Amino acid sequence: MPNAGEGIFWGDAQSDPKRKYRFFFYLGGVPVWVVKSVSAKPEATIASQSHTFLNHEFKYPGRVTWNSPIDVTMGDPVEPDLARTLLNIVRKSGYDYPTSPQAIRTTSKGAAIDALGGAVRIVQLDADGNEIEVWELKNAWIEKVTFGTGLDYADDGLQDITVSVAFDWAELTKSVGNPVAGYESI
């Protein structure tokens, strides 16, 4: 039996847990330094189906659904113009103003995914800035953009933009450390 504090996380002075404030969020051409918060890391729900037999009910696992979207809140700097960048992503997804000659175009999933120009990732860092956990949101696209909340002469805070990012599934592409015994990768 180990001594008190030996071999467990809290007793190891060199151990450092994953911290909420050590992260980068990568979204298209948006600079990582404008991101203030990410509403959640990926979340999977396993549906259940029940079967009733006489006086008993038995449950069975069903489909796995990745809960989407994830909301990302960003500060809106003047340079680069984040509002313009995000609107351009929406337009590259297939949206055109009704006054445009191209207004007969419509959005498509392929164009919306391509408009982000690469992987959408949530990266958690350790104290030295090394990647310790990386989630990739697969087939991600912008579902909603809120170009800021109300304006107020009494509020000297920064203007925020919130983006809802939809995705089909998430993949844990990097994770430092070992899984719990018996749950190694298959």
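Biologist: Is R22 buried or exposed?

Modeller: R22 counts as buried, at 13% relative accessibility. Keep in mind that this is a predicted model.

Biologist: OK, and which side chain does R22 meet in a salt bridge?

Modeller: That would be D16, with an N to O distance of 2.7 Å. D16 itself counts as partly exposed, at 37% relative accessibility.

Biologist: How many salt bridges are there?

Modeller: The count comes to 10. One of them pairs D168 with K109, where the closest N and O atoms are 2.6 Å apart.

Biologist: Where do D168 and K109 sit in the chain?

Modeller: D168 is in the loop between β9 (160-166) and β10 (169-175), while K109 belongs to helix α2 (residues 109-115). They are 59 residues apart, so the pair links distant parts of the chain. D168 is partly exposed at 33% relative accessibility, and K109 is partly exposed too, with a relative accessible area of 43%.

Biologist: What about E136, which residue does it bridge to?

Modeller: E136 meets K138 in a salt bridge, 3.1 Å from N to O. There is also a network: K18, K41 and E133 are joined by salt bridges that share partners.

Biologist: Switching to rings. How many aromatic pairs are there?

Modeller: The count is 3 aromatic pairs. One of them is F24 with Y26, whose ring centres are 6.1 Å apart.

Biologist: Why is the F24 and Y26 pair edge-to-face?

Modeller: Their planes are at 70 degrees, and over 60 counts as edge-to-face.

Biologist: Which residues make the nonpolar surface patch of about 480 Å²?

Modeller: F53, L54, F58 and Y60 make that patch. Y60 lies in strand β4 and is partly exposed, with a relative accessible area of 47%.

Biologist: Strand β4 again! Where does T65 sit?

Modeller: T65 has its place in strand β4, and at 43% relative accessibility it counts as partly exposed.

Biologist: Zooming out, how many helices and strands are in the protein chain?

Modeller: There are 2 helices and 10 strands. In sequence order the pattern runs β-β-β-β-β-α-α-β-β-β-β-β.

Biologist: What radius of gyration does the protein chain have?

Modeller: The protein chain has 22 Å, whereas a compact globule of 186 residues would have a value near 16 Å. Its C-alpha atoms fill a box of roughly 70 × 55 × 35 Å along the principal axes.

Biologist: And what share of the 186 residues is buried?

Modeller: Buried residues make up 25% of them.

How values were computed: Residues numbered from 1 in each chain as written. Predicted model: local features only at pLDDT ≥ 70, side-chain atom pairs only at ≥ 80, totals over all residues. Heavy atoms only, no water. Phe/Tyr/Trp six-rings, centres within 6.5 Å; stacked < 30°, edge-to-face > 60°. Patch = residues over 30% accessible without salt bridge, like charges linked within 9 Å, V, L, I, M, F, W, Y side chains within 5 Å. Areas by Shrake-Rupley, 256 points an atom, 1.4 Å probe, with all protein chains shown as cover. Salt bridge = Lys/Arg side-chain N within 4 Å of Asp/Glu carboxyl O. Helix = DSSP H or I, 4+ residues; strand = E, 2+ residues; numbered from the N terminus. Buried < 20%, exposed > 50% of the residue type's maximum accessible area, 1.4 Å probe, protein only. Rg over C-alpha atoms; globule rule 2.2 N^0.38 Å.
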